[in-house]
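Have the sequence and the structure open side by side.

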Amino acid sequence: MRKVIELNEGWRFIREDAGLPAELPRDWERVNLPHTWNAVDGHDGKGDYYRGKCWYAKSFETPRQPLAGGRVYVEVLAAGQQAHVYVNGREVAYHEGGYSIFRADITDSCKGTGENLLAVACSNEDRSGVYPQAADFTFYGGLYRGVNLISVPSAHFDLDYFGGLGLQVTPKPCEGGASFEMESWVTGGDGDFTVAYSVLDAEGREVASAVRPVDSAKVTVHVPDAERWDMDNPYLYTVTATLQRRNEAYDQVRVRAGVRSFSCDPEKGFRINGAWTPLRGVSRHQDWLYRGNALTRKEHYEDARLIKELGANTIRLAHYQHAQDFYDACDEMGFAVWAEIPFISIMNPDPAAHRNCISQMKELIVQNYNHPSICFWGVSNEILIGGISERLVENHRELNALCREMDPSRLTTIAHVSMTPVDSPMHGITDVEGYNHYFGWYGGKMEDNGPCLDEFHRAHPEICLGLSEYGCEGIVTYHGPSPACKDYSEEYQALYHEHMAKVLEERPWIWASHVWNMFDFGCAARNEGGVAGRNNKGLVTMDRKTKKDSYYVYQAYWSKEPMIHLCGRRYAQRAGEDTEIKVYSNQPSVTLYLNGKPVGMKEGSRVFVFRVALEEGFNRITAAAGELRDSMTLEKVDVEPSVYVLPEVNERAEGVANWFRLAGDLDLKAPMEFPEGMYSVRDTMEDIAKCPEAMEAVSTAMKLATNMTIAPGKGMWDMVKSMSPEKMCRMAGSMLPDGFLESLNAKLIKIARE
């Protein structure tokens, strides 16, 4: 029988390209796996993080093989982003892609007795042939999910095909129960071997079984009265495949499986097991504060628990393959999952890059086929940021066809960048689609979201439309009585999500929606809102310690458990004659008390707003709904603390006006002109960067307009370098005053190209 041996303890590590060691280096740092060398600098706000080649080394003993001809594999659960693996100085594997399992047969490289040296050269350097190329998150390096040895007999379930288990189970509801289609692949077996399948229910009782020869190990069994898996009842069966030779079991693998059917309709949304059920949930990145992506099973399950407590029934696992531990948690807790590959922002024309896309998609499907939580394979995210081409469209068609060929039981999907035209050839490729819209943050008003979705729905009544991303930054330091876009306050983030939750509730035909993001996450290139190195759009802070008020918006809308939440507890010192007190609850009425005295009772739905005149000093606020209670303490002050307002907020408001003053006596209403030989807003950022004067003009304008710094080779340059200022300003929409784009163009057309 196979033996799986964890190799997570006692590694040696060096954060430089020290070269292949001849023996275990005693002077390297001692580390345990999971480990990343970017646990701190990946999001510490210093504007950069180490991207290079680092080395890991560990000694191990060759597992004892009870039967002649046994094999030994090394299994790497993930290595960001490329890895060379060596055993006793011999290279046994090279893998490209930082998020999937890969293995190598190391039998012939191991010593018969004594210690072996395992060395891994891991790199998160930029490679033209490896995705992701450019994205709004940190590309952590390291052996961040662990390493195993797998010892198997000469005859065993296949370990060589894209990191899979060698067993694939497809349960399907049918009349009177469910059919379980089971197929396995065996290496080294002959006519003396058979595969015995067993299906156990959740209580461990066998409900079906079958035996097949290894050269035809595909079979369908019937499970009578099979229980369905869904988000409210994630019922799991266990399927075991045992490789037998006469009276002896040689190898065994098992998976958990769920019986469910699902579909999407453009007018009715998502349906599971015959019930129309709008998918409402969040996106998730896998990193924690000062741990990076080096998480244990405990942290993965804690993330899933927090999402379940929110009341969500779906998770978009962005933007890459996540850990098996998290998919397991989704199976157990009941989430409909969108799983995707890191084909994001920019397509590299290097043919090797497309081959890497294909490889990562095959790994995603093969390694995760048996998870009942996964309903959708995502082929790309915001890929038109880098522009469109016939090759790009064709690559998507090829990826979509690959998904359907490898797994016809699931649907394919795509996340479009907001500016993707309604008539784009990117529509109609995948089974269902989503848009990433940020109206009310990066451009436009929050009220634009609903009409934009409706407009696409009218234009394409045949397409199942989802909202794959939406959100805004919320930093728990910033507060105020008049929240506004780009003030980064906790209050504006909550107000935004109040609006969006209602937009979605009114549109059940939107098959799925995913808040961006469940948790704040690392993005070393960012510097916004006074918190550098991170994307702060999470409903929960990156350390998982604080649920922002926006978290409770969705709990009020989605949770089936009674809840009540008083907002603004971190807005603890307030000035003015009166103040707004907001309560979120899924109960029909809420009563508010000030210092033990009732202020009033309101009936309504989800959001309850009161005006209260605080007494001098400290005030006790209590909200009640039935047996539910929540309370907080507020202090009435003459002047609210200056820390509540990000200085850049006022500077930015003044900055746009300053831009017009800097523009001098330009006619801001003049028609746009594009004289030959001069720069303009239609040039790409990459072209503009060739001229320091032109780049300075654009950088100044974009900083004033969006509070984002754009500089060649820094931050998110790779994502924006192919865009033009005109395109970026169109995305910003109503955030920019009339004449802003015209004034920028007027400055640029005075600068000659060299």
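Glutamate 505 and arginine 606 form a salt bridge, with 2.7 Å between the closest N and O atoms. The term means a side-chain nitrogen of Lys or Arg within 4 Å of a carboxyl oxygen of Asp or Glu. This pair links distant parts of the chain: glutamate 505 sits in helix α6 (residues 490–505) and arginine 606 in strand β38 (residues 606–612), 101 residues apart. Helices (H or I, at least four residues) and strands (E, at least two) are DSSP runs, numbered from the N terminus.

This is a predicted model, in which local features need pLDDT of at least 70, side-chain atom pairs count only at pLDDT 80 or more, and totals for chains, interfaces and linings use all residues. Residues are numbered from 1 along each chain as its sequence is written, and side-chain values use heavy atoms, leaving out hydrogens and water.

Is arginine 606 buried or exposed? Its relative accessible area is 16%, so arginine 606 is buried. Glutamate 505 is partly exposed, at 42%. Buried means under 20% relative accessible area, exposed over 50%, and partly exposed in between (1.4 Å probe, protein chains only).

Now follow β38 into its sheet. Three strands form an open, antiparallel sheet in the order β33-β35-β38. Strands β33 (564–566) and β38 are the edges, each pairing on one side only. From one strand to the next, the twist averages 20°. Two strands pair if DSSP finds at least two bridges between them. Strand β35 (residues 579–585) and β38 share seven bridges, in the antiparallel sense. One partner of note: valine 583 has phenylalanine 608 in β38 as its bridge partner.

Two helices lie across these strands. Helix α6 lies across β35 and β38, at about 40° to β35. Helix α7 (residues 549–558) lies across β33, β35 and β38, at about 45° to β35. Contact here means heavy atoms within 4.5 Å. Axes are lines fitted to C-alpha atoms, for helices over the stretch in contact, and angles run from 0 to 180 degrees between N-to-C directions.

Back to the charges. How many salt bridges does the structure hold? There are 46. Aspartate 407 and arginine 410 meet in one, at 2.8 Å from N to O. Aspartate 407 is buried at 0%, and arginine 410 is buried at 6%. Glutamate 125 bridges to arginine 127 at 3.6 Å. Glutamate 125 is partly exposed at 29%, and arginine 127 is partly exposed at 29%. Finally, a network of salt bridges links Asp136, Glu473, Lys486, Arg526, Glu528 and Lys537.
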